[in-house]
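Take the points one at a time and find each residue as you go.

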Amino acid sequence: MQALYAQLLVGLINGSFYALLSLGLAVIFGMLNIINFAHGALYMMGAFVAYFLLSLGGINYWWALLLAPVIVGIFGMILERTMLQWLTGLDHLYGLLLTFGIALIVQGVFQNYFGSSGLPYAIPDQLKGGLNLGFMFLPVYRAWVVIFSLVVCIATWFLIEKTRLGAYLRAATENPTLVRAFGINVPRMITLTYGLGVGLAALAGVLSAPINQVRPLMGADLIIVVFAVVVIGGMGSIMGSIITGFALGVIEGLTKYFYPEASNTVVFVLMVLVLLVKPTGLTGRAA
Amino acid sequence: MTALTDDTLPVTPRAMRDEMVVFVVMALLLASVPFTGVYPFFVMQALCFALLACAFNLLIGYGGLLSFGHAMFLGTAGYCSAHALKVWALPPELGIPVGIAAAFVLSLITGYISIRRQGIYFSMITLALSQLLYFIYLQAPFTHGEDGIQGIPQGRMFGVFDLSKPTVLYYVVLVGFLAGFLLIYRIINSPFGEVLKAIRENEPRAISLGYRTDQYKFLAFVLSGTLAGFAGALKVFVAQNASLTDVHWSMSGEVVLMTLVGGLGTIFGPVVGAFAIIAMQQYLASFGQWVTVIQGSIFVICVLTFRRGVIGEIAHYFRRSL
Amino acid sequence: QDKTVKIGALSDQSGLYADLGGPGSTLAAQMAVEDSGLAAKGWKIDIISGDHQNKPDIGTAIARQWFDVDKVDVIVDVPNSGVALAVNNVIKEKNGVYINSGAATSDLTNAQCSPNTVHWTYDTYMLAHTTGQALVKAGGDSWFFLTADYAFGAALERDTTAVVTANGGKIVGGVKHPLNTPDFSSFLLQAQASKAKIIGLANAGGDTTNTIKQAAEFGIVKGGQKLAALLLFLTDVKAIGLETAQGLNFTETFYWDMNDQTRAFSKRFAAKMKSSAPPTMVQAGVYAGVRHYLKALEALGGNPHDGVKVVEKMKSMPTEDDLFGKGEIQPNGRTIHSAYLFEVKTPSESKGPWDFYKLVGTVPGDQAFTPLSESKCALLKK
Amino acid sequence: MPETATADAPAKTAAGGNILQVRNLEAWYGESHILHGINFDVNAGEVVTLLGRNGAGKTTTLKSIMGIIGKRTGAVKFNNQDIIRTTSDKIARMGIAFCPEERGIFSSLDVRENLLLPPVVRPGGLPLEQIFDLFPNLKERLNSQGTKLSGGEQQMLAIARILRTGASFLMLDEPTEGLAPVIIQQIGHTIARLKKEGFTILLVEQNFRFASTVADRYYVVEHGKIIDGFSNAELAANMDKLHTYLGV
Amino acid sequence: MADEFILETEGLTKEFAGFFAVRDVALKVRRGSIHALIGPNGAGKTTCFNLLTKFLKPSAGKILYKGQDITAMAPADVARLGLVRSFQISAVFPHLTALENVRVALQRQHGSSFDFWRSKSVLNQFNDRARELLNDVGLSEFANTPAVEMAYGRKRALEIATTLALDPEMMLLDEPMAGMGHEDIDKIAALIKRISAKYTILMVEHNLSVVANLSDIITVLTRGQVLAQGHYSELTKDERVKEAYLGAGHA
Ligand SMILES: Nc1ncnc2c1ncn2[C@@H]1O[C@H](COP(=O)(O)OP(=O)(O)OP(=O)(O)O)[C@@H](O)[C@H]1O
Ligand SMILES: Nc1ncnc2c1ncn2[C@@H]1O[C@H](COP(=O)(O)OP(=O)(O)OP(=O)(O)O)[C@@H](O)[C@H]1O
Ligand SMILES: [Mg+2]
Ligand SMILES: [Mg+2]
């Protein structure tokens, strides 16, 4: 029984990564209608930027938490301005392929310069050590990850769903020309939103740097699962992806305990089942 | 999903004549390959992928359904054919049908599950199904996991054609490809193909005209999946192995890429796309580490500058459908 | 006699194995050619390289084209067992020479052995055997396995289990995890709960490095359990960092800092690497393999362009080089040389950027590799 | 929110002064050349109607003024500022609002969000209560999804949402399409009232009967050109011509 | 007499999350008549159409078509029984030519629509009929124009031609004249008049002169319910109808 609690908790921690990553994807998909395949690569960049900040500039984890998303976000905005922008109004497929291409380039370049086995990034001193919860040893860093991601998720949700910005964005996805004709600088808004989504990915990257290896392919392995999370939650639904992210982490954790061989597969089984029952995901709008 | 094929031109009798001319030219070019000194294995491989891409294009270009799991048909047919040839020691003319049949059955099942989903959800459910299958194949004993089925005997087709001779194999693959290609061409230009296009354009309207659209999409899915399986079965003879690569999602992505590079919803586009991508992979192999970067750049350039694909751009230029 | 040779370095140039093989392997082959001094004797030796992208069909297509079009004589390296086995078939069919250094599968010299193949450096049997035996002897008698859920992981676990139990240890549990799992905390918790003295990592690449990193986070090593990585390379340790990797046990057959010869070679090698990294054991294996191959050709007086003939010659000559020392090639194609159990140094023990290992034990070649009596290789039945 | 700013009339130009000048306007959809030199003027406080057959280029004219046709040449002067090269968001901020013929209701927004979507560009728009007075249906359906409204309700919503922005120059593309006679009458009243409050309105209409109740002047568009124009007073005299132009 | 009415509904109701878009509607459409359904915006006319053609599932009630209960049928099957609709927002196949648009409809009855092994030249047999239909709606010169390039009014006309191609017994037209120029309105009105000899027509239309000229009988719907029914001349005198639909100013 105790072991089960431990698994649940660990699942929640993983869930917070899924939630953060799928949140960024959901923002980008829901608001810009782009299936951002580069998300994994940008997540990886977040981790790398944190590494550089530390090893080259001596800038610590806490600053990296702020700076890396900004830096990667700006990179994302440049991508949006120079490339993605030209795809407005076209089918999803083109955005997907373009961002897939971008992901390949980014990953390839990082691999060339840093190899594929990755670089170490230490846990910041303030978050070292662990708590003995009785049923498990909980590293302090992991506790921090859960709490911090929850806060970020809720803040983002609030920004998108509870302010005007969200309505503008959704409307702009459907008919950018008209929204622009209402007096809103749609291109700038879109660029900033892409920056936000990408920044979220980078943030997740910084968070994961001390836990996982800082590797060029760290995002590539994750991206498909994160896509599944977004689909299960309902494409474009912010809350849907947050909840599904956490829930999936837990479900995966349980699978790892009861039937570990299937822990990579369970998300796809879930996705098929959910889509069979609810054709547009748990909370999604019609495609 | 209309923006994908916005440039589809109406097919006029003149267009059909153009297409036949191009087809004959293509067939003659391909038939003369063994006499040109071009490396036949490369062409054979490309032919298999070309058939796969054509099958995929049938679904997306004419049915408006973007499957992100087409590798599952390729891989399944490959594994089953390979198993039939190696373990059951069936001759090629029976080994191929085994693979096709497997893909057919698989497409019935996956089609039944996925066909009612729309747009991006259709893509995702096909992706999920193919991922499930990937994990099954990773575990299943008969696939030999990540080692794959190796050293598959090529055998003698109908007891006469010795497929281990490159030239013989080449013509067998070529005939297979051309047959598949013609079938797809026929499907596109059949009464069924017309209805499919109408459904792609405006499904509610098609329903209101009395078409049970799910059945048409299902048939298109099954045809596409089975033909993809044919490609997979042929590929076994060329590569002489069947491995997880063929069921991995990146293979599904590659098919999308080939079709896109050549021109979505064009008849010859997928063929050109497949040749271009395979050639690129071969050629880039010597670039070592920069492969992914170059490949990525090609994606980006392709999407940004010639979105209609090679054939699509040419067709657009001449205002013909090709 | 024909004195032209073409060597194809087929590796993963951009993926998971690019660091331990990849461009470094091509470099190693080049250095072997230079060091052989054959050019001065009128030989013309070319090297081409290719990226199999870890896909068997790309690997076989390149191999086939190399033989058919580029007239390659020998293919070297080829990490990734799946690709390695697929290429093995092509080389046999084309009667080329295959000097594999990067692949782990012992099948290359076992069930799927070929008269054209020489398998250098290491294999799963050796890894399992050396690590398992040495650790049990050092008191690590209860084991828990974290196994990658595919054939390679299963083979490692099976072989290690056999050694551990044979030496009086016992297996207290294990968990199979899917390939490419990003998070191991669930599994580590189970390992921790098992109270086993040794946690054996029957996985590879990113899976292994992530496990090690997260094990440190969960205080596993501090809690008194030991990690034994069954397959780990120098570059992995570099990637994890000593802080995290310290105390880890594993086996390699080559380490740059073993003796003066290895240090001298590594210095030359690192100077030519973009990353200034010393050679891994896989790259070292490519060097040694090519050197031996060229020696065989020289002994033949020219290149007969006949794979079986060349490999027979290679087998008939004892191996000896600066990197692996003395050894031999068995009739099944297996190269035999010593294997070493290392422990990763603590950060304070380390004196340089690549100063990572302490030697813990040495197992002579004849004990480290599959005994011929157990081999299922058809070549042995003659 | 400036919804409450009822008292302020929209910024007026000199009464009767020329507010919009269109000179030699040409426009293209991709390759096809649609407008071949449109010339007309709108004076402040006027209601001007563009008439013409299907496909004559009326909608295209409005879109070109709004800046949402990719390729356009000529001169469009709004308050004496040339806006032919200006982007549509800036044009909107200058006080031009556009209600498109396809309505452009957003399906991902509910009715309230649709209604509140266009930002208020200056004070003087209609307050929400007045809008609900005009279109009571909307008030009832505030929380349903935008595109789930009936066709006519969508049309109401499309008109309603630009009334609140405070733009003083409204372009309405077939605002009565699909509306019930009662509502059409209401829209007629609304237009009359807006005019009284100083709004300027450029209207495109197929419903000639409706147009004749609200318009001050008419222009007839054919094949991408203005071929005729007259005031309401001259209407009776021009009925025959109109017949041939429009087949009324 | 069951034959007198081609379509009957009893207690037809549709509820959207507590909102009754259609409530307890009993509608009887006489065979061979032009029956108009009018009512203020949001009265539930389109919803009614959606219910009748099964694009929506009724919350309650029953639909009888030619005496047969079709309440539980699938939309495509209803169309196959000869009950065919047009859409309020024009619905064409944008990248097919006008001729192909019509042909798709003609092809359906032919029964060869699943034949993927045959050449589509078998469809040429429909060309003459398709041209005839295009001619009827005044589109003969646009036969080879892709629908997407047509002006709005012509798309509507094309849609009617496509619907006619099915040779339905009963047509449901949702605002067929919306957005058309006067000329076209007259043309389409004449067309509807002409075809009504053969088909039964149920039509939603806001253009009163069209309603007045064409319809044999009119049902007025408000707030989902039937308010009145009768001939145009009767209804224009009805105060309730005036208030709810026609407006005070109506002469
Ligand atoms: N997106 C488009 N691409 C190409 N041609 C177009 C496009 N939209 C309109 N057209 C063409 O431009 C011409 C003018 O169209 P416009 O919409 O301005 O006409 P309109 O006068 O508003 O007609 P209606 O009364 O039917 O709305 C028409 O011939 C039409 O076919
Ligand atoms: N899917 C739906 N979900 C919620 N409400 C709906 C839905 N469809 C229609 N409604 C509501 O039902 C009412 C009736 O709509 P309907 O489209 O039938 O009106 P209509 O009579 O056709 O009006 P119009 O003349 O404006 O086209 C409207 O108030 C509309 O908002
Ligand atoms: Mg118009
Ligand atoms: Mg309606």
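1. Why is the site of ligand 1 shared between chains? The residues that surround ligand 1 come from chains D and E, so the site belongs to both. Before going on, some ground rules: this is a predicted model, where local features need pLDDT of at least 70 and side-chain atom pairs count only at pLDDT 80 or more, while totals for chains, interfaces and linings use all residues. Residues are numbered from 1 along each chain as its sequence is written, chains are lettered from A and ligands numbered from 1 in the order in which they are written, and side-chain values use heavy atoms, with hydrogens and water left out.

2. Have a look at who sits around ligand 1. There are 16 residues around it, and D:Asn54, D:Gly55, D:Thr59, D:Thr60 and D:Gln206 come nearest (a residue is near if one of its heavy atoms lies within 4 Å of the molecule). Helix 1 of chain D, residues 58-66, gives the largest share of this shell, with three residues. Helices here are DSSP runs (H or I, at least four residues) and strands are too (E, at least two), numbered from the N terminus.

3. By class, the shell of ligand 1 has five nonpolar, six polar and five charged residues. For the classes, Ala, Val, Leu, Ile, Met, Phe, Trp, Tyr, Cys and Pro count as nonpolar, Asp, Glu, Lys and Arg as charged, and the others, Gly among them, as polar.

4. Now the polar contacts of ligand 1 (pairs of N or O atoms within 3.5 Å). A polar side-chain atom of D:Asn54 is 2.7 Å from an oxygen atom of the ligand. For D:Gln206, a side-chain N or O atom is 2.7 Å from a ligand oxygen, and for D:Glu101 that distance is 3.0 Å. The protein covers 75% of the 640 Å² of accessible area that ligand 1 has on its own (Shrake-Rupley method, 1.4 Å probe).

5. On to ligand 2, which lies between chains D and E. It has 20 residues around it, with D:Ser150, D:Gly152, E:Lys45, E:Thr46 and E:Thr47 coming nearest. They split into five nonpolar, ten polar and five charged.

6. Finally, some chain pairs don't touch. Chains B and D have no contact (heavy atoms within 4.5 Å), and their closest C-alpha atoms lie 13 Å apart. Chains C and E have no contact either, with their closest C-alpha atoms 34 Å apart.

Methods:
A polar contact is a pair of N or O atoms within 3.5 Å; within protein, one must be able to donate a hydrogen and the other to accept it, and residues adjacent in sequence count only if both atoms are side-chain atoms.
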